[in-house]
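Please read it alongside the sequence and the structure shown below.

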Amino acid sequence: MRRREFLTLSTTSIGGVLVYSLDREIFRLSPQGNRPIRIPLRFFSQAEARIVAAAASRIFPSDEMGPGAREAGVAVYIDRQLAGPWGRDRYRYTQEPFEENAPTEFGYQGKATPRQIYRQGLQGLKGFDRLKDGEQDEKLKQIEATLFFSLLRQNTIEGMFCDPMHGGNIDMVGWQLIGFPGPRMSNYDDVDQHYGEAFRPKPVSLREVTGRKVRPGEDLE
Amino acid sequence: MKTLLAVDVVIVGGGWTGLLMAKELGSRTSLTVVVLERGGPRGTDHYGDDMDELDYTIRFRMMQDISQETVTLRHDVNQRALPLRQYGSFLPGSGVGGAGEHWSAVCPRFLPDCFELLSRTTEKYGAARLPEDHAIQDWGISYDDLESHYARADLLLGVSGKAGNIRGKQIAGGNIFEGWRSAEYPTPPTKIPYFSAVFGEAAKSLGYHPYPVPAATTSRSYTNPDGVSRAGCTYCGFCETFGCMIGAKAQPTNILLPVIAKRKNVSIRTGAWVRRIVHDAPKGNGRARGVTYIEGKGEEVFQPAELIILASWTLNNTRLLLLSGIGERYDPATSEGTLGRNLTHQVVFSAATAFFEKPLNRFMGSGASGMMLSDLDGDVFDHGKLPFLRGGTLGARTARSLPISDCGVVPKSVKTTWGSEWKKAALHYYDRAGRISFSGEHLAYVGNYMDLDPVYKDHFDDPLLRLTLDWRENERKMVEYVVPKAVEIAREMGAKEVTPYSGLRRYDATRYQSSHLQGGTIMGRSPEHSVVNPYLQHWQVSNLFVLGASVFPQNASANPTPTILAFTYRAADAIVDGYLKNPAALA
């Protein structure tokens, strides 16, 4: 087994709420002074996690519109997805022969798994997290057309808006940003009301709705 | 290989058709019936905690395990087929209830002339107007033959809607272009969410005849003729790709399982992967003797049976017959053979994506709550001077506005796809974008068909099914005609920006269309041109019946579930009242 690696984030950068314990529970942690928070990683090395966190936060930045990938814990979400069945291509037909240059209408036909695509893509982004914002944007523009970038972009959106049980969308910041109330059981009284005005009930997570812990897909098998 | 004790009836597949047939045969006869379902078990209240977009919509929790089996695709016979390695243009379900569990529950009937498409079209426009390479056929029955069975299906599901034609009398507010109904819908229309209501108003002011989408997400609590009760819909929006948490959406598990569970003569075996139908009729007439399947533990067993009902997912019906060597394989070069012919999909896309100033609250709704119109469907409008035949419906459903799937739907004026500027637009437009969808007819062509792939295999080393499938000029011209009309409605709705559909090019396996594929084991009047007779009985093997959309000679623009159920009822009647009394060819 590999040495356990951690993603170390300053409490100021994430609002001091985010911690995963070893049994994969999310805990709220009040910031104690400026002590950094250490999150156990399942797939990435510490250096890789920092790059992914930095890149995701250029894709979905924290800005005057509100929180972004950093506050939502997107890097942690992606780490867990890659460590789980999706990362090793459990949800894809992987029999040979592969066709690396298939027409787009046939979807991705290559051999590499999401884990391999990330590992290789991150090779090209060494030192990315130490660049300035503008330089990071330039770097991302150079790789915009790659499969790695399209995965990273898609996974960033997933990490922003997934149910919090998957490690992203912490405190439902993504849902609050976009105005999605989560798995609300009934809209019966509201569905034909509020015409033309924003109706924004307080978001609820699946765990709050069901009253029990639901096992996320990344923890299966 | 172990041989099990013989049973009277074996049903391959535990979805809508297999379980409806099991319910009918189980209730109306004392035959021993075994349903073989290759997926896992489900109960009536299975969906307490599935409202998770990531695992269900993005990772396809309810679908067949694509790592085990998929299909291959090529656009024409000169291309090398490639496997669909991840889900895209359609979503086959798995487990008890099948795709009937994760459907959106849109529940229309087909237009009457769909069942006599070849003769009606030829009669009106002449044979010369048909596309040169068409393979259009009549079904061998008429809408009038089917209406009473449609009515049974509507009652079974408790479909919500507003009739537009009761026994020939047109009724404003319903679909005045539909075929006659013997009765009003069992339950009133669903509530209409804001975006859909605005669509309805705009369409009406432009002279169209909008009506509420027929929905099996029932508008109020309902008890069907089998005594099965369901709650009314709460518009939570988790319908398509999900099972309904409160059972308001009609699903095989909540309306068929409760009846089956009371019948001691019916049993369902899950984890039973059928590989072959065993028969003594490679060509010509003969009998099926049973099926072989892999049990959960991996052992292959033989289940003998007197009567075999093939009721698996539409494409798999064709594949199982091809693998079993039952019937004559279709050859597109000569148009000889019948098995695998007339593969069709459905022409479905967002005709106009409309961006509004006001928020739409699109998270509230159901898979089938909305308004639609049929003014551009079938042959409702004259095609005499148009460069295509047939048409489809335009509609505005308010369903499935989930944030991972819908974040980033922005107008064309937004040039970036990431970063601050894009984020600002993505957040602003998330709840200000609505889709006017087109659901159009896909004609059958000589060159669109199915056979077995020579290269790729499933996890048991059986060849995958190969689809040879592409659009033709008729579909492309239909799209060109209908998109500007959708844009006009969007403008009338007050949209500030509208993105029209960019047009059909080659068949795209990555873009979700619908899970409505038809053909392969088509029905018809003669064994020269079809696989099953109008009672869905195999022409050559009289103790084999085939259920589901694989028997449709071509697509009919509307979603297929009520039609599939109506045909299953009709086949059940033919078996109980005809075949069991005299086990021979019914036609």
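A residue counts as buried under 20% relative accessible area, as exposed over 50%, and as partly exposed in between. By that rule R276(B), at 26% relative accessibility, is partly exposed. The model discussed here is predicted.

**Salt bridges within the chains**

Side chains of opposite charge can pair when their charged atoms come close. Over all chains, the structure holds 46 salt bridges. R276(B) takes part in one of them, with D462(B) as its partner and 2.9 Å between the closest N and O atoms. R276(B) belongs to strand β12 (residues 273-279) of chain B, while D462(B) sits in the loop between β20 (449-457) and β21 (463-468) of chain B, so the pair ties together parts that are 186 residues apart in sequence. D462(B) is buried, because its relative accessibility is 4%.

A salt bridge in chain B also joins D451(B) to R466(B), at 2.8 Å from N to O. Here D451(B) is in strand β20 of chain B and R466(B) in strand β21 of chain B, 15 residues apart. D451(B) is buried at 14% relative accessibility, and R466(B) is buried at 14% relative accessibility. Beyond these pairs, salt bridges with shared partners bring K23(B), E24(B), R28(B), R152(B), D226(B) and D573(B) into one network.

In chain A, a salt bridge forms between the side chains of D133(A) and R58(A), at 3.5 Å from N to O. The pair ties together parts that are 75 residues apart in sequence, because D133(A) lies in helix α6 of chain A and R58(A) in helix α2 of chain A. D133(A) is partly exposed at 47% relative accessibility, whereas R58(A), with a relative accessible area of 15%, is buried.

| D462(B) | R276(B) | 2.9 Å |

**Chain A and its helix α2**

Chain A contains 9 helices and 4 strands. Along the sequence these follow the pattern β-α-β-β-β-α-α-α-α-α-α-α-α. Of the 221 residues in chain A, 54% are buried. Among the contacts in chain A with a separation of 6 or more, 65% are between residues 24 or more positions apart.

Helix α2(A), which holds R58(A), has 14 residues and spans 20 Å from its first C-alpha to its last, close to the 20 Å expected at 1.5 Å a residue. Because 11 of its 14 residues are buried, α2(A) is largely enclosed by the rest of the structure. Among the buried residues of α2(A) are E48(A), I51(A), V52(A), S57(A) and I59(A).

**The interface between chain A and chain B**

The size of an interface is often given as the accessible area lost when the parts come together. Between chain A and chain B the buried area is about 5,900 Å², with carbon and sulfur atoms giving 61%. On the side of chain A, Y93(A), E105(A) and F106(A) lose the most area to chain B, together 14% of what that side buries. The contact involves 77 residues from chain A and 65 residues from chain B.

The largest share, 7 residues, comes from α7(A). By residue type, the side of chain A that touches chain B divides into 37 nonpolar, 20 polar and 20 charged residues.

**Backbone features**

Most residues other than glycine have a negative phi, and most peptide bonds are trans. In chain A, the peptide bond between E96(A) and P97(A) is cis, with omega at about 0 degrees. P97(A) is placed in the loop between α4 and α5 (114-123) of chain A.

In chain B, F60(B) is not a glycine, yet has a positive phi of about 60 degrees. F60(B) lies in the loop between α2 (53-58) and β4 (71-74) of chain B, and is partly exposed at 23% relative accessibility. A105(B) also has a positive phi, near 75 degrees. A105(B) is found in the loop between α3 (99-102) and α4 (117-125) of chain B, and is buried at 0% relative accessibility.

Methods. Residues numbered from 1 in each chain as written. Chains lettered and ligands numbered in written order. Predicted model: local features only at pLDDT ≥ 70, side-chain atom pairs only at ≥ 80, totals over all residues. Heavy atoms only, no water. Contact = heavy atoms within 4.5 Å. Buried area = accessible area lost by both parts, 1.4 Å probe. Helix = DSSP H or I, 4+ residues; strand = E, 2+ residues; numbered from the N terminus. Nonpolar A, V, L, I, M, F, W, Y, C, P; charged D, E, K, R; others polar. Expected span 1.5 Å × (residues − 1). Buried < 20%, exposed > 50% of the residue type's maximum accessible area, 1.4 Å probe, protein only. Salt bridge = Lys/Arg side-chain N within 4 Å of Asp/Glu carboxyl O.
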